[in-house]
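Subject: Structure handover

Hello,

Here is the structure for your files. My notes on it follow below.

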Amino acid sequence: MRKVIYTTNTVERFHRRIKKVTKPKGAFPNDISLLKLVYLATRNIEKKWTAHFTELEPNDTTFLY
């Protein structure tokens, strides 16, 4: 159960950082400019990540039951 919580926290933290970058801008002239900003923000976020969750398999169904 702990691995699922950690993974969820990671996703929420990533979403919060993307929102923090895109929110001050307000409006984007086109979709490409938004994609570029999100891409660059993702690259910066990846540099800060230190933990990798390799124990949890993508098709792990342990927590479904």
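Thr22 sits in helix α1; helices (H or I, at least four residues) and strands (E, at least two) are DSSP runs, numbered from the N terminus. This is a predicted model, in which local features need pLDDT of at least 70 and side-chain atom pairs count only at pLDDT 80 or more, while totals for chains, interfaces and linings use all residues. Residues are numbered from 1 along each chain as its sequence is written, and side-chain values use heavy atoms, with hydrogens and water left out.

Thr22 counts as buried because its relative accessibility is 18%. The classes are buried (under 20% relative accessible area), exposed (over 50%) and partly exposed (in between), with a 1.4 Å probe and protein chains only. Setting aside residues up to four places away in sequence, Thr22 touches Phe28, Leu34, Leu37 and Val38. Contact here means heavy atoms within 4.5 Å.

Two of those partners deserve a note of their own.

Phe28 is in the loop between α1 (2-22) and α2 (31-48). With a relative accessible area of 25%, Phe28 is partly exposed. Its contacts, again without residues up to four places away in sequence, are Thr22, Ser33, Leu34 and Leu37.

Leu37 belongs to helix α2 and is partly exposed, at 27% relative accessibility. The C-alpha atoms of Leu37 and Thr22 are separated by 7.5 Å, although the two residues are 15 residues apart along the chain. Leu37 touches Val21, Thr22 and Phe28, not counting residues up to four places away in sequence.

Another threonine, Thr42, has its place in helix α2. Thr42 counts as buried, since its relative accessibility is 18%. Apart from neighbours within four places in sequence, Thr42 is in contact with Phe14 and Ile18.

Now the charged surface. Which residues form the positive surface patch? They are Arg13, Arg16, Lys20 and Lys48. Patches are made of residues with over 30% relative accessible area and no salt bridge, joining like charges within 9 Å and nonpolar side chains (Val, Leu, Ile, Met, Phe, Trp, Tyr) within 5 Å. A salt bridge is a side-chain nitrogen of Lys or Arg within 4 Å of a carboxyl oxygen of Asp or Glu. Lys and Arg count as positive and Asp and Glu as negative, with His and the chain ends not counted; each charge is placed at NZ of Lys, CZ of Arg, CG of Asp or CD of Glu. Helix α1 gives the largest share of the positive patch, three residues. Arg13 lies in helix α1 and is partly exposed, with a relative accessible area of 33%.

For the protein as a whole, the secondary structure comes to two helices and zero strands. Of its 65 residues, 9% count as buried. The protein exposes about 6000 Å², of which carbon and sulfur atoms supply 59%; accessible areas come from the Shrake-Rupley method with a 1.4 Å probe, and for residues only the protein chains shown count as cover.

Regards
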